[in-house]
Amino acid sequence: NSKGYTMATATINWENGTKSSDHDLSTLQENSLSTLILNNPQNLQQQDFYEFAKYLQNGGQLVIRYADGDFSMMLLIAGFVNTVVNQVDGGFQLIAETPNWEATAQIQVKASDETVAWDVIDESELITDEDFNKPERDCGPTAGKACKNCTCGFAENEEAAAPKVTLEMLENPGANSSCGNCSLGDAFRCAGCPYKGLPAFKPGEKIVLSDDFMMDI
């Protein structure tokens, strides 16, 4: 900003709710103040601290003299550092600084010439003989059934392959029974019996189901 002028210190006073300043900050160049003093500030907002920081030089000081209040969070958000609060006659005095570096400052980091020793781990040492043992499965074709909470897909395949009772089988039940036990009930039926879950019936006599008996035919 080429407009305005520079000065070392500026003071802003608040008396009976009225704000007055020895200089109009809007006429100053940015980064021109080494010290900005606020006496008994009232109703300061976050934007005010952004403005204070704008006019202070790098490493400049903001001095706040006040009776009560807490400005620490607004100072931190505005980028002030090294905040110190001291008790003085009639209240407190807070001094905070703007960071003493440029926004685009760069530093060089020199790599150390010392050799860093790394602990090298042989991955084969992490494997034990137990890891080579084939786990026993309690689910799938080898187990002959699906386990509880099956996630390998065998339960779905088992359900899809299960025999389904048809309308013809209900109309003429047991006509094609190979074991002859289909009509006797679940206690006598084989594992793959399509009549599993149905009540006992007389061979050749139509099976009548109640209205709330749910089945897929």
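I began with two phenylalanines: Phe49 is buried, and Phe71 is buried too (buried means under 20% relative accessible area, with a 1.4 Å probe and protein chains only). The model is predicted, so I kept in mind that local features need pLDDT of at least 70 and side-chain atom pairs pLDDT 80 or more, while totals for chains, interfaces and linings use all residues. Residues are numbered from 1 along each chain as its sequence is written, and side-chain values use heavy atoms, without hydrogens and water.

Aromatic pairs. I looked up the ring pairs and found four (rings of Phe, Tyr and Trp, the last by its six-membered ring, pair if their centres lie within 6.5 Å; planes under 30 degrees apart are stacked, over 60 edge-to-face, the rest tilted). Phe49 and Phe71 make a tilted pair, with 6.1 Å centre to centre and 45 degrees between the planes. Phe49 sits in helix α1 (residues 46-55) and Phe71 in the loop between β4 (56-66) and α2 (72-77), so this pair ties together parts 22 residues apart in sequence. Helices (H or I, at least four residues) and strands (E, at least two) are DSSP runs, numbered from the N terminus. I also noted a cluster, linked by ring pairs, of Phe49, Phe52, Tyr66, Phe71 and Phe92.

Helix α1. I listed its buried residues as Gln46, Phe49, Phe52, Ala53 and Tyr55. The buried residues of α1 pack against β1 (9-15), β3, β4 and α2 (contact means heavy atoms within 4.5 Å).

Ser32. I found Ser32 in the loop between β2 (18-21) and β3 (33-39). Ser32 is buried, at a relative accessible area of 3%. A polar atom of the Ser32 side chain lies 2.6 Å from the backbone oxygen of Gln29.

Terms used: Buried < 20%, exposed > 50% of the residue type's maximum accessible area, 1.4 Å probe, protein only. Polar contact = N/O pair within 3.5 Å; in protein donor to acceptor, adjacent residues only side chain to side chain.
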